[in-house]
Amino acid sequence: MNVSMNVVFIGGGNMADALIGGLLKNGFAASQLRAIEVNGDARRRLADKHRVACFDAPQKAYRPGDVIVLAVKPQQMQEAARFSGLKANANLVISIAAGITLASLSRWLGGHAKLVRAMPNTPALIGAGVTGLYALAGVSEAEKKQAETILGAVSAAVWIADESLMDAVTAVSGSGPAYVFWFIEQLAVAGESLGLPPDVCQKLAIETVLGSAKLAAQSADSPAALRERVTSKGGTTEAALRVFDEAALAEGLRRAIEAARDRGAELGKMLGKE
């Protein structure tokens, strides 16, 4: 892993915390990482946990060539961008705020073009996430590799060719953990309705989802092929899947993900206003 770069995080919340921890585990020195956080308590927690330098203002934090990670909530991005004091195109800037388009971010940064938009998800907090990445044309291959290195410290990374598809990434993987948690919840509740104890149901549901995901990740076969392998003709799994088909669950999931995508686009337009 390339550990020659220095990284500054603007925002010291959970995702910055996870990324800093992941980078340290992957060979970065604490001296290569800095954070800017206006909240004193959050700033002290980050400094005490990771032994990285933390600042209350950007002017004190920057070094030549720093990669800047904007790790604030979408509603705070416009203020954070203008607070950053960055000079146009002096640094690679990575945004991890859902919904914020790079056109809006560039405008708030005074025409900055060296921008990468990233959409990580919450499993990144335990180093098991996945991130969709999109870069403007002005970002070099070396800078794209820097962005992949930073986000790759806590997640797998995939590059998206069209920024308009980042709302789809948000709908599938950004919101995706909530769909999986909901499925675990419903699987456990169904088990309880059949008479199993709640603690047993939760264990069965979590381990089944975890093991199935691991099997899918490690197998050369598609999820469809793995599903067919479990589904014996006239068996219990076939009976359950028939009910799924009758209830049009696949269609419902597709419409749900489309709704999430559309809402992401709406929020981007709302938050992108001056």
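## A tour from the helix pair to the sheet

Helices α6 and α7 are roughly parallel to each other, a label for angles under 35 degrees, with over 145 counting as roughly antiparallel, 65 to 115 as roughly perpendicular and the rest as oblique. The model is predicted, so local features need pLDDT of at least 70 and side-chain atom pairs pLDDT 80 or more, while totals for chains, interfaces and linings use all residues. Residues are numbered from 1 along each chain as its sequence is written, and side-chain values use heavy atoms, without hydrogens or water.

Select α6 (residues 166-174) and α7 (residues 176-193), which pack at about 25 degrees with axes 5 Å apart; helices are DSSP runs of H or I with at least four residues, strands runs of E with at least two, and angles run from 0 to 180 degrees between N-to-C directions of axes fitted to C-alpha atoms, for helices over the stretch in contact. Here A171, V172, S173 and G174 of α6 meet G176, P177 and Y179 of α7, where contact means heavy atoms within 4.5 Å.

Next, display the open sheet, whose eight strands follow the order β3-β2-β1-β4-β5-β6-β7-β8 with mixed pairing; two strands pair if DSSP finds at least two bridges between them. Its edge strands are β3 (53-55) and β8 (155-159), each pairing on one side only.

Within the sheet, select β1 (residues 7-10) and β4 (residues 67-70), which run parallel and are joined by four bridges, and find V7, whose bridge partner in β4 is V67.
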